[in-house]
Amino acid sequence: MSYSVSLVRRQPFRFGCEVLRGVAQVDMMANARCGAVFAVALFAAGWQYGLYGLAGAAVGTLVAYALGVDRERVGAGLEGFNGCLVAVAFAVFLGPGHLATWILALGGAVVAAVVTGALVTLLKPWSLPTFTLPFCLTASAMTVAAPGFQRVWHEGSALSALPRTAHGDPSLGWSDTGHALFSNVGQIFLMPQWYVGLIFLVGIFLADRHAGLTACVGSVVGTGTAWALGAPAADVREGLLGYNAVLVAIALGSVFLARGVWSLLYAVLGAAASTVLTVAATSFFAPFGGHTLTWPYILTTLVFLVAVPSFPRLQSRAGL
Amino acid sequence: MSYSVSLVRRQPFRFGCEVLRGVAQVDMMANARCGAVFAVALFAAGWQYGLYGLAGAAVGTLVAYALGVDRERVGAGLEGFNGCLVAVAFAVFLGPGHLATWILALGGAVVAAVVTGALVTLLKPWSLPTFTLPFCLTASAMTVAAPGFQRVWHEGSALSALPRTAHGDPSLGWSDTGHALFSNVGQIFLMPQWYVGLIFLVGIFLADRHAGLTACVGSVVGTGTAWALGAPAADVREGLLGYNAVLVAIALGSVFLARGVWSLLYAVLGAAASTVLTVAATSFFAPFGGHTLTWPYILTTLVFLVAVPSFPRLQSRAGL
Amino acid sequence: MSYSVSLVRRQPFRFGCEVLRGVAQVDMMANARCGAVFAVALFAAGWQYGLYGLAGAAVGTLVAYALGVDRERVGAGLEGFNGCLVAVAFAVFLGPGHLATWILALGGAVVAAVVTGALVTLLKPWSLPTFTLPFCLTASAMTVAAPGFQRVWHEGSALSALPRTAHGDPSLGWSDTGHALFSNVGQIFLMPQWYVGLIFLVGIFLADRHAGLTACVGSVVGTGTAWALGAPAADVREGLLGYNAVLVAIALGSVFLARGVWSLLYAVLGAAASTVLTVAATSFFAPFGGHTLTWPYILTTLVFLVAVPSFPRLQSRAGL
C-alpha cells in the first residue's frame with residue numbers, strides 16, 4: 001500500500017480529481033466538476049452520506065492503485081464509482097451512525113474493487129463496461145446478510161415478506177409528477193428528496209448537455225410508464241419507479257450508442273422496459289429481504305447493448 | 001418502419017410464411033405448414049389465443065426487419081417465435097380480453113425481439129441458439145411485475161406463496177396417463193387441453209417425423225419420471241410436469257445432435273432431469289409469484305448442448 | 001458402457017485411485033491417499049455416508065469414461081468429486097436409508113457428470129475450473145424439487161420459510177471456537193462433527209502442507225468474521241459459517257494463485273467476504289427451501305480468480 005499512499009501524498013490534486021470522477025461515473029460522466037456537484041447533492045441529503053460517498057470512492061481508487069490496475073481506468077474514475085455507491089448504500093440501509101456500518105462500508109468498497117476487476121475480465125469478450133454491477137452484487141449480498149448478524153443489524157425485524165398486489169392510488173397529481181421527475185435522478189444515489197435530484201441533474205448538464213437531456217427524457221418515460229400501468233402514486237413520487245429509466249436513457253441515448261433518432265427510440269424503449277423490470281425486481285427481492293438497487297438498469301442496458309451488433313441500424317460509440 | 005411496411009405490402013405471402021415459421025419455431029420446426037397447424041391448435045384452445053399468437057409472431061418479425069436483422073434468421077422464423085409465446089403468455093396470465101393486455105403483449109413482443117438480438121450475440125462464442133430464453137426473460141419480468149400495476153392486474157390477489165410439500169394422490173390411472181401424454185405437448189404453448197396437444201403433435205409430425213417420435217419419447221419419459229417420483233396426478237394429467245421433457249427430447253434427440261442411439265439416450269436423460277427441474281423451478285418462482293414457463297427446458301438443453309464438445313461420443317448437427 | 005466396464009475389470013487399482021482422487025478433489029487435492037483419509041472421515045460420520053461418497057465418485061468417473069472425456073481430467077479425479085458430493089448431499093437431505101435416495105443419488109451423479117462437461121466448455125474462454133458448481137446446480141435442483149415428489153420426500157413439511165433476524169447469542173466460548181475451527185472443515189462434506197473435520201484436515205495436510213495451513217487460516221478468518229459481525233454462536237459452532245472460508249482460502253491461498261504474501265492477503269479478504277455471502281445465500285435460499293451448499297465458495301472464488309488478470313500484483317499458477 002506504501003506506493004499508493006506516497007502517490008496520494010505527492011499528487012493530492014490528481015487523486016482528488018480521480019475520486020470526484022469516481023463519484024461522477026455513477027451517472028457515467030468522467031468529469032471531476034460534475035462529481036463535485038454530485039458530492040454537494042449528497043451532503044445536501046445528509047452530511048454523513050457525503051462523507052460515505054467520498055470515502056467509498058477514495059477506497060475504491062486506492063485499492064485499484066494498490067493492486068496495480070490499469071492507470072487509464074483509474075484516471076477516468078472507473079474504479080471509484082462502485083465503492084462510492086456501496087458506501088452510500090450501507091449508510092442508507094444499516095444506519096450511517098454506527099461504527100460497524102463504517103467498517104463494513106469501507107470493507108465493502110474493497111470487495112467491490114475486486115468484483116470490478118472480475119467483471120472487467122469477464123465482460124471483455126463482448127467489450128462491455130461493468131456498469132454498477134459490482135455495487136449491486138456487493139450491496140445485495142451485504143444487505144441480504146445483514147439481519148443475520150447482530151452487531152450489524154440495528155433496524156428491528158428483517159425486511160423479508162411475500163410481495164402483495166399494489167393497492168395505493170395510481171392517479172398522479174402535478175405535485176407528484178414534479179417530485180417524481182427530479183426524485184428519479186436522486187434515487188440513483190438512493191436519495192428520495194426532489195431538490196437533491198435537481199442538484200444531481202445540474203451536475204449531469206454541467207458535464208454533458210446531451211446526457212442531461214436524455215436523463216430528462218428517461219425521467220419522463222419512467223414516470224409516464226409507471227402512471228400508464230397504474231403504479232401507486234406514493235412510490236412514483238419518491239422516484240422509486242423511474243431512477244432506472246433515467247440511467248438507461250443516459251446509457252443508451254448518450255453514452256454508449258452513436259447519438260441520433262434510432263438510438264433515442266431505442267433508449268425510450270429501454271427506459272419503459274426498465275420501469276416494468278423495476279417492479280419485477282422489487283417483487284423478486286422481497287421474500288429474502290433484498291433491495292432493487294440499480295439491478296433493473298444494469299440488466300436492461302446489458303441486454304440492449306449486447307443486442308446492438310445484431311441490429312445494423314444502431315451503432316455503438318467509441319471502442320464498444 | 002416504412003421499409004418493412006412496404007415489404008409486407010409487396011410480399012405478403014413471404015411475410016405470412018415467415019410468421020407461420022415463427023409459430024412453428026416454438027417447437028424448433030422451420031416449417032410454415034407446421035406453423036399453420038400450430039395456429040389451428042391455438043384457435044382450438046380459444047380464438048383469442050390464436051390471434052395473440054399470430055400477432056406476437058408478426059410483431060417479432062416486423063421489429064427484426066425494422067432493426068435490420070440478418071435475413072436468414074428472419075426467414076427461418078427465428079425472430080418470431082419468442083414474440084408468439086410472449087403474446088400468448090400475456091393473454092393467459094393477464095386475461096385475453098383487456099386492452100392493457102393487448103398493448104403489453106405487443107410491447108412485450110418488441111422487447112423480446114431486442115432480447116433475442118442480445119442473446120444471439122451473447123451465445124455466439126459457444127454457437128448456441130437462443131431457445132425460448134427471450135420469451136422466458138420477458139414474460140417472467142412482466143408476470144412478476146404485473147400485480148404491482150393496477151391497470152394491468154385484474155386477477156385479484158397476487159400469486160406469491162411459500163412452496164408446500166405435495167399432498168395430491170400420485171397414482172396415475174389410464175385416463176390421467178392418456179391426457180398427460182398429449183397435454184405435455186400442449187403446455188409448451190401454455191394450453192392444458194389434451195386435444196390441443198394432439199393437434200400440436202400432428203404439426204410436429206408433419207414437419208419432421210423423427211422429431212414427432214422424439215416428442216412422444218419425451219412425453220413418455222416426462223410422465224414416467226413424474227409418476228415414479230410421486231408427483232400429484234392432477235398436475236401430471238394437465239401436462240404441467242412433462243412439457244419441458246418434450247422440448248428437451250426434440251432438441252437433443254432430433255434437432256441439435258446427430259441422430260443415433262447415443263443422442264437418444266442423452267435425450268432421455270435430459271428429459272428426466274428436466275422433469276425434476278420443472279418442480280424445482282416451480283418452487284423457486286413461488287415466493288415472488290413467477291411462472292415456470294419453459295425455463296427448465298432452456299436450462300437443461302443449454303447444459304446438455306454445451307457439454308457436447310466434452311463428450312466425443314456425441315456430435316452436434318450442422319453448424320453447431 | 002462395455003468399454004469402461006472392461007477397463008475397470010482390467011485395471012481395478014488405477015480405477016480405485018481415480019475414485020479416491022475424486023473424493024480428494026472436493027478440497028482441490030489430486031491425491032489418492034488424501035482421498036482415502038477423506039473416505040475414512042465420511043465413514044466416521046456414518047457408514048452410509050462413506051458408501052454414498054465412494055459410489056458417487058465412482059459413478060461420475062464411469063460416466064466420464066463412457067462419454068469419452070479427456071483421460072487427463074479423469075485421471076486427476078476431476079470427474080468424480082461432484083458426483084461424490086451429490087451422493088453425500090442426497091443422503092443427508094433425503095435420508096440415507098431409502099431406496100429412492102440411492103436411485104436419485106446415483107442418477108444425480110450421472111447428471112452432475114454432464115453438467116461438469118458443460119461447465120468445462122463454458123468456462124474455457126476464461127481458463128477457469130468448474131469448482132463444485134456441478135454439485136451445487138444438481139443438488140440445489142434436486143433438494144428444492146424433493147418436497148414436490150411424494151416417493152422422494154420423507155421428512156415431513158417442506159423447508160421453505162421467510163428469513164428472520166438472527167436472535168441467538170453471538171458470544172463465542174472456547175469450546176464453541178474449538179468446535180467451529182474443525183467443523184468448518186467437516187461441513188465442506190456437509191458433516192457437522194468436529195472430529196470428522198479433524199480427519200479431513202489431516203487428509204489435506206497429507207496431500208499438501210501449505211494447503212493445510214491455508215485451510216487453517218481460512219477457518220480462523222471465517223470464524224473470526226462470523227464472531228465480529230455477531231452471528232449466532234450455535235451456528236458458528238457447527239461450522240455453518242466457516243466452511244466456505246476454508247475452501248476459498250485453499251483455492252486462493254494455495255491452489256490457483258502463485259503462493260506469497262499478496263495471494264495470502266487476497267485469500268483472507270476472500271474468506272471474509274465468503275462468510276458474509278454464506279449468510280446472504282442462506283437467506284436467499286430460505287423462501288423456496290434451498291440449501292446454501294458451497295455456493296458462497298464458488299461465487300467468491302470465481303469472482304476473485306476472474307479478477308486476477310486485472311491485478312498485476314497477483315499471478316495465477318500453472319496453466320490458469
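**Legends: how the copies meet**

Only 11% of the interface residues of chain A are also interface residues in chain B, so the copies meet through different surfaces. The model is predicted, with local features requiring pLDDT of at least 70 and side-chain atom pairs pLDDT 80 or more, while totals for chains, interfaces and linings use all residues. Residues are numbered from 1 along each chain, chains are lettered from A in the order in which they are written, and side-chain values use heavy atoms, without hydrogens and water.

**View 1. The interface of chain A and chain C.** In this view 39 residues of chain A are in contact (heavy atoms within 4.5 Å) with 38 residues of chain C. About 3000 Å² is buried between the two chains, and carbon and sulfur atoms give 71% of that area. Buried area is the accessible area (1.4 Å probe) that two parts lose on being put together, summed over both.

**View 2. The side of chain A that touches chain C.** The elements giving two or more residues to this side are α4 (47-66), α7 (99-122) and α8 (133-145) of chain A. Of these, α7(A) gives the most, with eleven residues. Helices are DSSP runs (H or I, at least four residues), numbered from the N terminus.
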